[in-house]
Amino acid sequence: MKRLIAVAVLAICLSFGSIDAHGFTLTSDDLGIQLSQAQVYSGFGCTGSNISPVLKWTKAPANTKSFVVTVYDPDAPTGHGWWHWIIFNIPGDTTGLKADAGNPSKKLAPPGSVQSMTDFGKPGFGGACPPRGDKPHRYIFTVYALSMPKLEFDETASPATIESALNRNILGKASLTSHYGRK
């Protein structure tokens, strides 16, 4: 019975991304429990710097051919959350992203990677900007290790399109969650 409970707990944790059997880990010196003004959007009444954070990952699963990084706010009052960043076709030997790699015009993202459409209506990183008075929103930064070297999409691909392709090719994932709210 104890073994059955332990297996059930492990299965639940794996489905939520809390534990990765391979030790695949995502870290960032730029992210804390609360996002800083650097990661807050500049627009829609928010006055942040809109800079994507430094992200680093270790112990990617064997046979990883490429990575995808996403930032998602499940608390956005849209009925489906809000996609803040999607970057894919990150080469499989990459171990992180530089600060402001989410700004396509600066060309700081790894060569060959593609930043696709977000819910802001354009490619690239869009920082936090929850409605005033909402409880602090969760911003989930996730790196996915994929079994294929390239997703055949361009910067016009929707979050749903990328998410569908991810679900068929994930070898592992690692996530970090930060919060942000406006008074």
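Is Cys 46 buried or exposed? Cys 46 is buried, its relative accessible area being 6%, where buried means under 20% relative accessible area, exposed over 50% and partly exposed in between (1.4 Å probe, protein chains only).

1. Basis of the note. The model is predicted, so that local features need pLDDT of at least 70 and side-chain atom pairs count only at pLDDT 80 or more, while totals for chains, interfaces and linings use all residues. Residues are numbered from 1 along each chain as its sequence is written, and side-chain values use heavy atoms, with hydrogens and water left out.

2. The disulfide. The structure holds one disulfide, the term standing for a pair of cysteine sulfur atoms within 2.5 Å. The link is formed by Cys 46 and Cys 129, whose sulfur atoms lie 2.1 Å apart, and it is right-handed, with 95° about the S-S bond. Because Cys 46 lies in strand S3 (residues 46-47) and Cys 129 in the loop between strand S8 (114-115) and strand S9 (137-146), the pair ties together parts that are 83 residues apart in sequence. Strands here are DSSP runs (E, at least two residues), and helices likewise (H or I, at least four), numbered from the N terminus. Cys 129 is buried as well, with a relative accessible area of 16%.

3. Most residues other than glycine have a negative phi. Phe 44, although not a glycine, has a positive phi of about 55°; the residue sits in the loop between strand S2 (42-43) and S3, and is exposed at a relative accessible area of 58%. Asp 100 also has a positive phi, near 70°, and is placed in the loop between strand S7 (96-97) and S8, but Asp 100 counts as buried, at 9% relative accessibility.

4. The second largest pocket. This pocket has a volume of about 160 Å³. A pocket is an open set of points on a 1 Å grid over the protein atoms alone, where a 1.4 Å probe fits, with protein on both sides within 12 Å along at least five of seven lines, and lining residues have an atom within 4 Å of a point; the volume is the space filled by probe spheres set on the points, which are joined across faces, edges and corners. Of the 13 lining residues, Ala 76, Trp 82, Cys 129, Pro 130 and Pro 131 are the closest to the centre, while strand S6 (82-91) and S9 are the elements that give two or more residues to the lining.
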